[in-house]
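Hello,

Here is the structure you are taking over. Please have a look at it, then read my notes below.

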Amino acid sequence: VTLEQMLGLGVVVFPSLLLAILGLAALINRPLSERVISRCTQIAVVAGLVCAVLVLASMLISGNRNMQIEVGDWVVIHDPQVPFHFHLKFVFDRLSVPFVILSFVLTGTIGAFANQYLHREPGYGRFFILYAMFLVGMIVAAVAGTIEVLFLGWELVGLSSALLVAYFHEREGPVINGQRVWSVYRVADAAFLIAAVTLHHLTGEGDFSKLMGSEAWPDGVAAMTSQQALFVGILLLIAAAGKSALIPFSGWLPRAMEGPTPSSAVFYGALSVHLGTFLLLRVGPVLNASPLLSVIVVLLGFSSAVYGVIVGRVQSDVKTALAYASLTQVGIITAEIGLGLPRYIPLIHIIGHACLRTLQLVRAPTLLHDYHLLENAIGDHLRAEPSAWERLIPARLRIAIYRLAIERGYLDALIDEFIIRPFERIFRLCDGLERRWTDFLTGTESRESDRVPAAVPEPAEELA
Amino acid sequence: MTILHIPWIELAILLPLIGAFWVRWLRDPDTAREHSLWISGLSLVCACAAWLSLDTSRPSAALAREQWDYVARWLGRDIFVVDELSAPLLPLAALLFLLTELATLRTKVRRFSFASVLAREAILLATFACRQPWAIAILLAIGTIPPWLELRERNKPTRVYVLHMALFVGLLFAGMALQPLHSQAAAVLLMAAVLIRSGIVPLHCWMTDLFEHASFGTALLFVTPMVGAYAALRLVLPIAPDWMLRSIALLSLLTAVYAACMALVQHEARRFFCYVFLSHSSLVLVGLEVATTIGLTAALCVWLSVGLSLAGFGLTLRSVEARTGRLSLDQFHGLYEHMPMLGILFLVTGLGSIGFPGTLGFVGTELLLDGVRRIPLVATAIVAVAALNGLAVLHAYFRVFTGVRHVTSIDLKLRWPEQVAVLIFTALILGGGLYPQPGVESRYHAAVKLIEIRQQRLAGGNNVEPGLAGSPPIRDDAAE
């Protein structure tokens, strides 16, 4: 193992160690102090960042633009007919290295911010466990050399995000929103998994270097036909749309703002929301292989951007407005990818947007204070002038658009009406039929569960 | 004499059997609990030793069995033998019983029959260690009696359970009796019996009914070892033609999807658990469809992961129930601050069952998907099941543990025995997830043997009994 590879492994190992330490302490019911948690987080993030920067330096010096670290087979079955192996492989190239460094810088900044922001919060430890899980997920997804490893990181990001949205779990609102975010993520995960299985079936490989050619990113040619690329690409696009809150999954993004501000900033404003576009960049050769797929990507990106602009303008709280501003930019980045612009353009766009949005979101709690400072500096109140568009569009149409925007495009309402309620109706009907059947067999009421009280009663005295 | 010269399997079965009689005579429930824990613990040690003796030194073990296998001498044939299929199932079953007893609160010991639990443990271990088809059928039939006795004792309705189990036992014995006369007809009857015991839709209502009326512990111990799948592998797989396996797999897949959907609309925690379990356990039978080594390996891996994860999941719910009574899922109960460890275990076990990365179930699900990748519809359905169950698990977690903090004057914290049970489950689920190779390898060897036996049977080989699915027994090795 070379020094370069050791450093590459360090990028993954340090965040994993952080997760192991914080998770184990919680599991054995020995909560760590804020000081210890904060120190461990600092060490892990700085160590990981240093490793990533050294990997970059080493790659620049050596001229190697595609460093692959073969960890080995995690699981292998030497079956003569259908061999199976789950290969652990990490790739450091011109896509993953900037993304890893961006992840470390932003999570490190937010870790320091959260340390103050959540000081003496009852859920301080829980926040940092989920933070560590998110960091591991982001790093593993960024440096994944196979689609299975990417899925591993992808899932960790999803779970930590959903649980962080529900961080203030004593209120029902954040919990319901967390459940909603998780639902969208599960759809995205399912699409991702089916895409991975399909890729295996079509090409017999999950290794990116074999799927996309051995050339370093962004070069590479997908080893599949246009039709195959279209099918797999659409599944990956659904996965990316779910993770990046593109239409029709945009409803979860404002809901995610129920979480604590640090997590909103780094997860939904900066990193998590870009993971979908990162996936599209990683499988860029698949998009190149199908012009129709590229058109779909462009349309989805532009429509999400337009949606973000319209809906974002009518939001009355700053975090939600920023969420839609994020969506607009993510939509544009997606369109850039679909348009086939040089891949560095969307990558630079991601990095710039993530940094700006993180700054805006961490400043959000002090927005009024910032406005006052600004107005004091100007010496006058800030005025909201109607834009050129507002003057051009007829009043009735403006009202219609306003209504559409205030209802957030009815996306959640449509999902509720056409997916969730019919689903509930069908399976409640099945449940009713089952009840009738067991009542018939029993000859009396068969369900004790019908008499279970909704609220938990005071426990029996004997427990005391 | 080395440790391999001891009849570990027989000891693992006899200890709880004798213990059941012993514990029945004890008047003090606390003493009964303590003795039961010791007996189950020793049984677990014996089951582990039996597993190790299979993997390490076969020739010496075989010699030891020549000297010590009184059961075989008495009955004239090997009844209890550990092979690759049953080797990990025995410790898993023994562990499940031990942890259930361990996690039983002292406030519940008066109402919890430890004698009955030990008797059920002996029956289950005997079933898993058995290789003779008729003996397996008889043990499967005996295994259905203790839950019925408990239902009667609690004055609960028994008709749903009795009707289904009577049908199961009837079909099982009819299939066994018909086997020498008409192999295919016998296979059909045995398949029907297996489907009933596995709770395949629409014959699943006995399972929800059992969770409604029996104690949670009894229902859990009756369903989580998945003896239906065991019967499928021992009795049906070696003789069933491909179309029959495909039928089992299709019905199982439909059950998995249906149960996953039903779990999402349940109002009560036990019924929710029952459907989640049903959904996952059905996936084990899906692996049969492909009848390839990878498919079967996947099914066996999913079996272990689901057995462990959902047993832990069920015990977590049982621990919560022990403090609060039966739980409605219509409201948020806000129990996290009272029992954070249970909250974490709930997530770990629940996510382990859906195959979340880093848990025992992840590799099983990946293998299952790899095994069925040539059948895109099946792969899509499996992914959908995992997604739906993921939703259901988090939904239940939020309902039970989040919400306005539950106000109580009583300390609801976890007691140390429960903490031990929690940590053992977590260690196994996460440890198996992070280092899955030994488990997968062992399941692969079992799958290879199962396929070999099946091919020999289908090719008309008469020297292989259907119950011999799995590797040849230890004594056969020595004879070779």
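A hairpin of six residues links strand 1 of chain A to strand 2 of chain A. The model is predicted. Strand 1 covers residues 66-77 and strand 2 covers residues 84-93. The two strands run antiparallel, and 10 bridges join them. Within this pairing, V76(A) stands opposite H85(A), which belongs to strand 2.

Aromatic rings come next. The whole structure has 34 aromatic pairs over all chains. One of them is W74(A) with F362(B). This pair is tilted, with 6.0 Å centre to centre and 40 degrees between the planes. W74(A) sits in strand 1 of chain A and F362(B) in helix 18 (residues 360-371) of chain B, so the pair joins two chains. Are these two residues buried or exposed? Both W74(A) and F362(B) are buried.

F362(B) also pairs with F86(A). Here the rings are edge-to-face: 5.6 Å centre to centre, 70 degrees between the planes. F86(A) lies in strand 2 of chain A and F362(B) in helix 18 of chain B, so this pair joins two chains as well. F86(A) is buried, at 2% relative accessible area. F362(B) has 1% relative accessibility and counts as buried.

Two arginines sit over rings. The charged end of R126(A) is over the ring of Y336(B), 5.5 Å from its centre. R197(B) lies over the face of F222(B), 4.0 Å from the ring centre.

Now chain B as a whole. It has 22 helices and zero strands. Of its 480 residues, 69% are buried. Among contacts in chain B with a separation of 6 or more, 81% come from residues 24 or more positions apart. The accessible surface of chain B is about 16,100 Å², and carbon and sulfur atoms account for 65% of that.

Last, the charges. Side chains of opposite charge can pair when their charged atoms come close. There are 26 salt bridges over all chains. One of them is between K156(B) and E448(A), at 2.8 Å from N to O. K156(B) lies in the loop between helix 8 (145-153) and helix 9 (159-178) of chain B, and E448(A) in the segment after helix 18 (411-442) of chain A, so the pair joins two chains. K156(B) is partly exposed, with a relative accessible area of 23%. E448(A) is buried, with a relative accessible area of 17%.

R326(B) forms a salt bridge with E212(B), and their closest N and O atoms are 3.6 Å apart. R326(B) is in the loop between helix 16 (293-324) and helix 17 (340-353) of chain B, while E212(B) is in helix 11 (residues 205-213) of chain B, so the pair ties together parts 114 residues apart in sequence. Both residues, R326(B) and E212(B), are buried.

R454(B) and D242(B) meet in a salt bridge at 2.5 Å, N to O. R454(B) lies in helix 21 (residues 437-458) of chain B and D242(B) in helix 14 (residues 242-264) of chain B, so the pair ties together parts 212 residues apart in sequence. R454(B) is buried, at 5% relative accessible area. D242(B) has 42% relative accessibility and counts as partly exposed.

Best wishes

Note on methods: Residues are numbered from 1 along each chain as its sequence is written. Chains are lettered from A and ligands numbered from 1 in the order in which they are written. This is a predicted model: local features need pLDDT of at least 70, side-chain atom pairs count only at pLDDT 80 or more; totals for chains, interfaces and linings use all residues. Side-chain values use heavy atoms; hydrogens and water are left out. Two strands pair if DSSP finds at least two bridges between them. Helices (H or I, at least four residues) and strands (E, at least two) are DSSP runs, numbered from the N terminus. Rings of Phe, Tyr and Trp (its six-membered ring) pair if their centres lie within 6.5 Å; planes under 30 degrees apart count as stacked, over 60 as edge-to-face and the rest as tilted. Buried means under 20% relative accessible area, exposed over 50%, partly exposed in between (1.4 Å probe, protein chains only). A charge sits over a ring if NZ of Lys or CZ of Arg is within 6 Å of the ring centre and within 35 degrees of the ring normal. Contact means heavy atoms within 4.5 Å. Accessible areas come from the Shrake-Rupley method with a 1.4 Å probe; for residues, only the protein chains shown count as cover. A salt bridge is a side-chain nitrogen of Lys or Arg within 4 Å of a carboxyl oxygen of Asp or Glu.
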